[in-house]
Amino acid sequence: MFEAKLAQSSLLKKVLDALREIVEDANLDCSSDGIKCQAMDSSHVALVSFDLSSDGFEPYRCDRNITLGLKLATMTRVLKCAGNDDSITLRSQDNTDTLTVLFESPNQDKTSQFEVKLMDIDTEHLGIPESEYSAVVQLPSGEFQRICRDLSQFGDSLVIACTKDGVEFSGSGEIGSAKISLRQHSMVDKEDEQVTVELNQPVTLTFSTRYLVSFSKATPLSSSVTLSLKAETPLVVEYRISDVGHLRYYLAPKIGDDEETEHIDDCS
Amino acid sequence: MGIQGLMKLIGDYSPSSVKDNGIKTYFGRKVAVDASMCLYQFLIAVRTSDGVLTSSDGEETSHLVGMFYRTIRMVENGIKPVYVFDGKPPDMKSGELVKRSEKRAEAQKNLAEAQEKGDFENVERFQKRMVKVTPKHSEDCQRLLTLMGIPYIKAPCEAEAQCAELVKGGKVFATATEDMDALTFGSSILLRHLTASEQKKLPIREITLDHLLTDIGLTQSQFVDLCILLGCDYCDSVKGVGPAKGLSLIRQYGSIEKIMSNNPKLNFPENWPYEEARQLFMSPEVVKADSVELKWSKPDEAGLVQFMVEDKGFRCVIINFSLNEIICAYSEDRIRNGVRKLEKCKEGATQGRLDSFFTKLPSPATASKRKATGEHGHGPMRKKSKLSTPLLHKKK
């Protein structure tokens, strides 16, 4: 038996919306620690993962590990039926192929219940090694979204360069080029609005703008976003979800046109 | 062509080794394409209502059109193709080749009859049967590929074997062919329908050899024996042995020799050269992967226009793919357009894939499925296992 209640149904909606930017279906792996998910886009360039700790749910019960295979479009439909302040309960009995979704209004006078059919989704899981990043940039999530959107008008690639002074985003294309620089600054009273760069080593990487724009759709989840960069390593874009966990995107960098350095992995 | 009944066997005994994916999944992958197979496909599929496409002086051009557009389609989707052409056929194949030319001769006879009767449907059918890939076709295509900046390799012998060698040597990710003997030669991943027409909207079918071998419980050499039993291009098959029987025989006895000594009643062909066939599959004549260098370069626009438009006379022809659709009138502009597309993909940095940075883990779902195979012995795996997860709806 699996049961998890979240006081804010809107939080789950935001998480699933962020997932939907990358994939159509996803497996939610539920264990006694909480709900985890990892999903990769069809071209294997981007990955989204989230980790919602059991502490964020009240109550949370998971007798044995189960995997909930969800069609995200279906879940979105169901979640649209929730009121803004409704709580949400996810429930799945052992040996059934459905998930029960229950919404309750704050004063408990309205409840709505939905049964969602689960799917068997064949997914590939990637092991993501812990890594020491050369630069970790924190900035307001709204600012990040704005930058991605603005630069998407100037070409398919976005270059992120981190130096000790700050971080610079640039793009260039047929119509011209654009450069947006953010300086490091901290405001004591408004922690969410500060820009910080923790730098071990200056680093410059190129990414596909299209994916970054998709990632920034997760902005409602958190007021700030963290970018972790390291040469020849996928970018990590992390949105912290207060008290519950985090949602991360990984994006493979664009690599120079050097055939020899390309690595062919064998997919067994 | 290929191995008789192998696809059926895979479908019955190891459905999970087959995956249907969109072409996007192969983004950034290098793929060895069996050129002879493609040429054959193009010669059959790319034609007008009155036969193959020809240039003004009567030369066939269907293969060039097909090659040009379908290569561009692959490149546009981020795939890096390398074409592998057949070399001289192995001596063992002569029997098969004689059969094929007999079939063609028969088609020719039928064609003449049908033409006399004015039976157009059959005319087309027999014409398609007469299609043969000639060295001239291959040369044309090699010239085209050079101009397009796409690498190709001339195999010393069988193209499928060379493709398999490239896969094994880590030079490419997979072999793209319709011919199932690529698996017998040991390509760890086989892609089907990669060069199919875009209009057909076929998903790419990926077959993973390791997964297949685990599911049917055979080693590669046992698998080769199984393929020989089922019937390959190099020797006759054993009458009365189909996929199910063949598999159970191999599982029971382990090799053709042991099957023969234990089952004298089976109808083995006389002087059956199974050992030579096995030799051919296990150590075919190939160029070693290490000595192959693959380079994708910029297309030569002027050269392409010269070759396709001037030499091959590509000017405003209306072509009709086998589906009776009028696709396009094409001319110099179309060639230049194609070049744009090729160039665009060459521009700037290439997008990396996540799985080249992170290691792939066996997904929990697959792991439990595999375990289930072990528990149930080697029985057919038609049903999806449901161990820890109550998930019944197979994603469609």
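This is a predicted model: local features need pLDDT of at least 70, side-chain atom pairs count only at pLDDT 80 or more; totals for chains, interfaces and linings use all residues.
1. **The overall count.** Start with the whole picture: across all chains, the salt bridges number 19. The points below walk through a few of them and then turn to a helix in chain B.

2. **A pair in chain A.** Have a look at R61(A) and D63(A), which form a salt bridge whose closest N and O atoms are 2.9 Å apart. How accessible are these two partners? R61(A) has a relative accessibility of 39%, so it counts as partly exposed. D63(A) is also partly exposed, because its relative accessibility is 46%.

3. **A link across the sequence in chain B.** Next, find D233(B) and R100(B), another salt bridge, with 3.6 Å between the closest N and O atoms. D233(B) sits in the loop between helix 10 (220-230) and helix 11 (243-253) of chain B, while R100(B) belongs to helix 4 (residues 94-117) of chain B, so this pair ties together parts that are 133 residues apart in sequence. Is D233(B) buried or exposed? With a relative accessibility of 2%, D233(B) counts as buried, because the cut-off for buried is under 20%. R100(B), in contrast, is partly exposed, at 21%.

4. **Two helices joined.** R340(B) and E301(B) also form a salt bridge, and here the closest N and O atoms are 2.7 Å apart. Which parts of chain B does the pair tie together? R340(B) lies in helix 15 (residues 332-346) and E301(B) in helix 14 (residues 301-311), so the linked parts are 39 residues apart in sequence. R340(B) is partly exposed, with a relative accessible area of 42%, whereas E301(B) is buried, at 18%.

5. **A mostly covered helix.** Finally, turn to helix 9 (residues 209-216) of chain B. How many of its 8 residues are buried? The count is 6, and the helix is therefore mostly covered. The buried residues are L209(B), H211(B), L212(B), L213(B), D215(B) and I216(B). As you trace them, keep in mind that an α-helix has 3.6 residues a turn, so residues three or four places apart point the same way.

6. Following helix 9 of chain B comes G217(B), and its phi is positive, near 70°.

Definitions and conventions:
Residues are numbered from 1 along each chain as its sequence is written. Chains are lettered from A and ligands numbered from 1 in the order in which they are written. Side-chain values use heavy atoms; hydrogens and water are left out. A salt bridge is a side-chain nitrogen of Lys or Arg within 4 Å of a carboxyl oxygen of Asp or Glu. Buried means under 20% relative accessible area, exposed over 50%, partly exposed in between (1.4 Å probe, protein chains only). Helices (H or I, at least four residues) and strands (E, at least two) are DSSP runs, numbered from the N terminus.
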